[in-house]
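Biologist: I'd like to learn how to read the packing in a model like this. Can we go through it together?

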Amino acid sequence: MSGFIKSFLFFPLLILGSVLAVGQIKMPQIFQNNMVLQRDKPIAVWGWAKPGEEVVVKLGSDQKAVKTDEKGKWLVKMNAMPAGGPYTLQVNGSNSIIFENVLIGDVWICGGQSNMQWKVKQTGFQETDSSLIKSNRIRLFTVLTEMDYQPRTDLKGIGWQELSGENIEAFSAVAYHFGKKLNSELDVPIGLISDNLGATSVETWMSNESLLQFPVFREEMKETVNTGKSFARLNADFETYKTKWYRKHYYHGEGVEQKWFLPETDFADWKPLNLAGNTWEQEADLKDFDGAVWVKTTFDFDKTKGPDSLSLQLLQIDDYDITWVNGMKIGETFGNHNHRNYKVPASILKPTGNVLVVRIFDTGGIGGFTTSPFWGNPILWGKWFYKKGLRIDPSKFPKPVLPNATPFSSPGVLFNANIAPLAHLAVKGVIWYQGEANAERAAEYRALFPAMIGSWRTNWNDENLPFIFVQLANYMQEKPEPAESAWAELREAQAMALKLPYTGMACAIDVGEAGDIHPKNKKDVGKRLALAALKVAYNKQIDGQGPAYSHMRVQGNEVVLNFTNITGGIYTTDKYGYVKGFQIAGEDGKFAWALAKIHGNQVIVSSEQIKKPLAVRYAWSDNPGELNLFNREGLPAVPFRTDDWKGITDGKKFQSGPRF
C-alpha cells in the first residue's frame, strides 16, 4: 500500500483542463469539456455569479433561465434526456462559458481505497480494442483528493478525458473494467468519476452527521468539526492568532537563540535517540517531558540520481515541528495528525553529511515521530540524537485550534472535500472497494459501512441510489489449520450491508494474491461489479453475484447447506464433485477441515472428527487458498459462517489520538 500513500503525500494538486471564465460566472470543476451527464433524470447545472444576475443555460434544444440568490449561487434543472450526444452546454450571463463534446449517459462514482485507486498501468493490462477507443463513449474523471472539516462546494480534479492509451493507463483499473463492461452490455455512454485514496478507512468517507451517531467519533470531532469552520477559515484564524502566540509561547527558549538548527552546532553533548518506530516516551529521559526537543541526523544525497529536490517525508509528529536542512528552514507544521512532507532544494544538498534538524514540540501526552518509518524516507532509519529545549506545563500552554487531520483515518475529511461537492450532480450509482483499513475493527464495520452508504444516499437525496461494492479478496498466507480471521469478519460485515435495498456485492475471494494486498486481476473485479450493477441498477434478470448461503439443516453427522443466486445451479471444478474451503465444528466450537460434496443444488458437509455438527464455515480465512464452488455465471461462492460466535474483532473500535 506504500506506493499509494507516498503518491498522495507529495502528489501535486494540479487542476488540469479547468474552465477559465473571464467574468462573473464560475462553474464547479466537475463541469468540463467531454463530460457525461446522467440520462433520464433532470440535469442540474449550477455555479456562482454576481448576486441578482440572470444566468441562461442551454443544453441541446432545452433552455432555462435563473437568477442568482443573495450569495451569488444559482442552480437550474434542465429537462431529463435520453442517452446520446455529443451536445454543447452553454452558460450565459455577464460572460459565457461553453462546454463541448458533452454526452448523456450513465455516471458512476468509483470510491474506496487503494484497490479502487490502483491504476490500469499497474496491473499489466493494455487496451487493444481500438474500436472501443474510437467510439469515444467512455469518459474518465479523476478527483484529486483533499480534506476539510466542512462540506465544500467544489472539488479538484483532472478534467473529463476521452479514451486514449495514456488516459486509460492512468485511470482506476477496477473502474475502467467496470465501465467497459457496462458500455458493452448497455450501449450507452458511461462516465466514471474516480474518487478514492489508498489506505483510507471508511470513517474518512462518512458525513459529519452520520459520524455523530457514533459516540467514538465525538471526541475526535468536537474541537474542530463542531466549530463549523472549514480548513480555510481555521487556517486564516490561526495566521491571525499566530502573530502574538508564536514568539510569546512557542518559539523561544534554549536552542532558539543558540541556533541549534545550524550544521556548525556542537552536537557533542546530544544524546542518542532510538527514533525508528518509537515515540520519545520510550526514552526514560523524555518520558515525562513536555515542550521542545531538538533532534538531528545526517544523510547523503546523490544529485546524479535524484531530481531537482528531495521529498522529505517525516510523516506524523506529535504535536508541532520546525524542520531545517543544512541550516535552511524547509517547513513547519502544527498538529499531530498532519503529515510532514517537505521539499528540499537539491541546490542546498551535499553528496554526504547533510544535517537534518527537527524541533519537535509536545503539548502533552506522547511526543515525537508517531508514524512507522516504513512509510517515510529511509532517512528516518538513520542515527538520531536529541537535546531538550523549552519545557512547558501542558495544562497552561495555549493550544490553537487548527486543521489537524490525516486523510487515512480522520473522520469525515474526505467526504467533505471530495463527495459533498458532487451532491447536485445526478448519477446512476456508486461502486466501492474498501475495507482493508478497517479489518482490525471488522465488527464495528457492521454499523459503519451501512451508515456510510446512508450518508452518500443522503448527499444525493436518493434513498435508492444503487451502491455496489467489492468484498475483500484473499490475502496473506494460507493457514494449515482453521483459525480466526479479521479479514473474514470484515467480509462478513460487508455482506451484511446487502440487507440495505439497492445494494450489490462482487466477491473477489478467488482473485487475490497471498503476497500482495493489491492483486493485479482487476479485470474480473470490474466485470463482477458490472454484473451486480446490471442486476441492482438495471433490473437485469441475472445472478448478480455467486452462490450465497441461505440456510442449513443437520442430518446425522452431516450438514446440508442451501444457497441463493443459483438460477442455473451450482458446480465445482473438481471432477468428483468435491468442494474445497469448508470447515465444521461441534459443541466445543473447535473447527476442523470438512469433506464437502455437491448434491443437486445443495452442498453436504461432514467430518470424521465431528459427530454432532453445529456450525459450518466456508472460505473463513485471510486466504482460504484455491476454491472451486461457483454458479453457472462463473461467479465464486460468497464466504460465510452459520454461527454467530464471538469474533476476534468484537469490541474493537475507533480510537481518537495519533495514528496513521
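Biologist: Which residues have the most contacts inside the largest nonpolar core?

Modeller: Some ground rules come before that. This is a predicted model, so local features need pLDDT of at least 70, side-chain atom pairs count only at pLDDT 80 or more, and totals for chains, interfaces and linings use all residues. Residues are numbered from 1 along each chain as its sequence is written, and side-chain values use heavy atoms, with hydrogens and water left out.

A nonpolar core is a set of buried Ala, Val, Leu, Ile, Met, Phe, Trp, Tyr and Cys residues joined through side-chain atoms within 4.5 Å. Buried means under 20% relative accessible area, exposed over 50%, and partly exposed in between (1.4 Å probe, protein chains only). Here the largest core has 145 residues, and Val45, Trp74, Trp456 and Phe582 have the most contacts inside it. Strand β7 (residues 96-112) gives the most to this core, with nine residues. Helices (H or I, at least four residues) and strands (E, at least two) are DSSP runs, numbered from the N terminus.

Biologist: What is tryptophan 74 in contact with, leaving aside its neighbours within four places in sequence?

Modeller: Contact means heavy atoms within 4.5 Å. On that basis, the partners of tryptophan 74 include Ile25, Met27, Val45, Trp46, Trp48 and Val91. Apart from the core we started with lies another, of 28 residues, among them Ala346, Ile348, Leu349 and Ile360.

Biologist: How many aromatic pairs are there?

Modeller: Rings of Phe, Tyr and Trp (its six-membered ring) pair if their centres lie within 6.5 Å; planes under 30 degrees apart count as stacked, over 60 as edge-to-face and the rest as tilted. The count is 45 aromatic pairs. One of them is the tilted pair of phenylalanine 369 and tryptophan 384, 5.6 Å centre to centre with 55° between the planes. Phenylalanine 369 is in strand β18 (residues 368-369) and tryptophan 384 in strand β19 (residues 384-391), so their pairing ties together parts 15 residues apart in sequence. Both of these residues, phenylalanine 369 and tryptophan 384, are buried.

Phenylalanine 449 and phenylalanine 469 pair edge-to-face, at 5.1 Å centre to centre and 85° between the planes. Here helix α10 (residues 442-459) holds phenylalanine 449 and strand β21 (residues 467-471) holds phenylalanine 469, so the pair ties together parts 20 residues apart in sequence.

Biologist: Which residue lies over the face of phenylalanine 267?

Modeller: A charge sits over a ring if NZ of Lys or CZ of Arg is within 6 Å of the ring centre and within 35 degrees of the ring normal. Lysine 296 lies over phenylalanine 267, at 4.6 Å from the ring centre.
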